[in-house]
Amino acid sequence: MTILDTRPFDDLFEGFIPGSIYAPLHSITQLIAMGVLELDTPIQVLAIQENEKEVDAFFKKMGFTHYNGLIQGGWEKWKSENDSFDILIDVEVDEFAMDIPFDKYLMIVDTRETSEYHEVHIENSFHFPLSEI
C-alpha cells in the first residue's frame with residue numbers, strides 16, 4: 001500500500017509517515033506521468049481535515065482503481081496510534097557542512113539537472129537527475 005501525504009509542506013516538519021510520498025494534489029498528474037504512481041497502485045491518502053472532502057473526491061475522480069480512501073482521523077490520530085514516524089528538520093548550510101564528515105551513513109543525492117550539477121555541487125554527492133529516475 002502506498003501512502004500519499006497531501007498535507008501542506010510545512011506540516012511535514014511536525015512529522016510524516018515513513019515511506020509515504022509527499023504528493024500535493026497539483027503534483028499527482030506529474031507523478032503519474034513520471035511513472036511514480038499508476039492508476040492501479042493501491043493507495044491511501046493523508047489529508048488535512050479542511051481538505052478531506054476535496055482530496056477524497058479528487059482521487060475518486062482520477063480513476064485510481066485501488067483507492068482505499070483517507071486515513072481516518074488524519075495525522076494526529078495516526079501518530080497517536082503508531083510509534084513510527086519521521087520528521088523533516090531545517091538545517092542551515094553551515095551546520096550541514098559541519099555534519100557531513102561525521103555522519104558515515106549520510107548520502108547526499110543531487111536530483112538537479114546535469115547542467116546544474118556540473119555548475120556546482122557538494123563533493124562526493126551522488127547525481128541522479130529527477131527526470132531520469
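Seven aromatic pairs were counted in this predicted model. Rings of Phe, Tyr and Trp (its six-membered ring) pair if their centres lie within 6.5 Å; planes under 30 degrees apart count as stacked, over 60 as edge-to-face and the rest as tilted. The rings of phenylalanine 58 and phenylalanine 59 are edge-to-face, because their planes stand at 85°, with the centres 5.3 Å apart. Phenylalanine 58 is partly exposed, at a relative accessible area of 24%. Phenylalanine 59 is buried, at 0%. Here, buried means under 20% relative accessible area, exposed over 50%, and partly exposed in between (1.4 Å probe, protein chains only).

A stacked aromatic pair is formed by tryptophan 75 and tryptophan 78, with 5.8 Å from centre to centre and 15° between the planes. Both lie in helix α3 (residues 74-81), three residues apart, about one turn of the helix. Helices (H or I, at least four residues) and strands (E, at least two) are DSSP runs, numbered from the N terminus. Tryptophan 75 is buried, at 6% relative accessibility. Tryptophan 78 is also buried, at 15%. Ring pairs also join Phe58, Phe59, Phe64 and Tyr67 into a cluster.

Residues are numbered from 1 along each chain as its sequence is written. Local features need pLDDT of at least 70, and side-chain atom pairs count only at pLDDT 80 or more, while totals for chains, interfaces and linings use all residues; side-chain values use heavy atoms, with hydrogens and water left out.

Strand pairing was examined next. Two strands pair if DSSP finds at least two bridges between them. Strand β1 (residues 2-5) pairs with strand β3 (residues 43-46) in the parallel sense, over four bridges. Within this pairing, isoleucine 3 has glutamine 44 of β3 as its bridge partner. β3 also pairs with strand β4 (residues 67-70), in the parallel sense and over two bridges. There, isoleucine 43 stands opposite tyrosine 67 of β4. β3, helix α2 (residues 52-62) and β4 make a right-handed β-α-β unit. A crossover is right-handed if, with the strands pointing away from the viewer, the path from the first strand over the helix to the second runs clockwise.

Serine 125 lies in the loop between α5 (114-119) and β6 (126-127). Serine 125 is buried, at 10% relative accessibility. A polar atom of its side chain lies 2.7 Å from the backbone oxygen of isoleucine 122. Leaving aside neighbours within four places in sequence, serine 125 is in contact (heavy atoms within 4.5 Å) with Ile108, Asp110 and Tyr117.

Definitions and conventions. A polar contact is a pair of N or O atoms within 3.5 Å; within protein, one must be able to donate a hydrogen and the other to accept it, and residues adjacent in sequence count only if both atoms are side-chain atoms.
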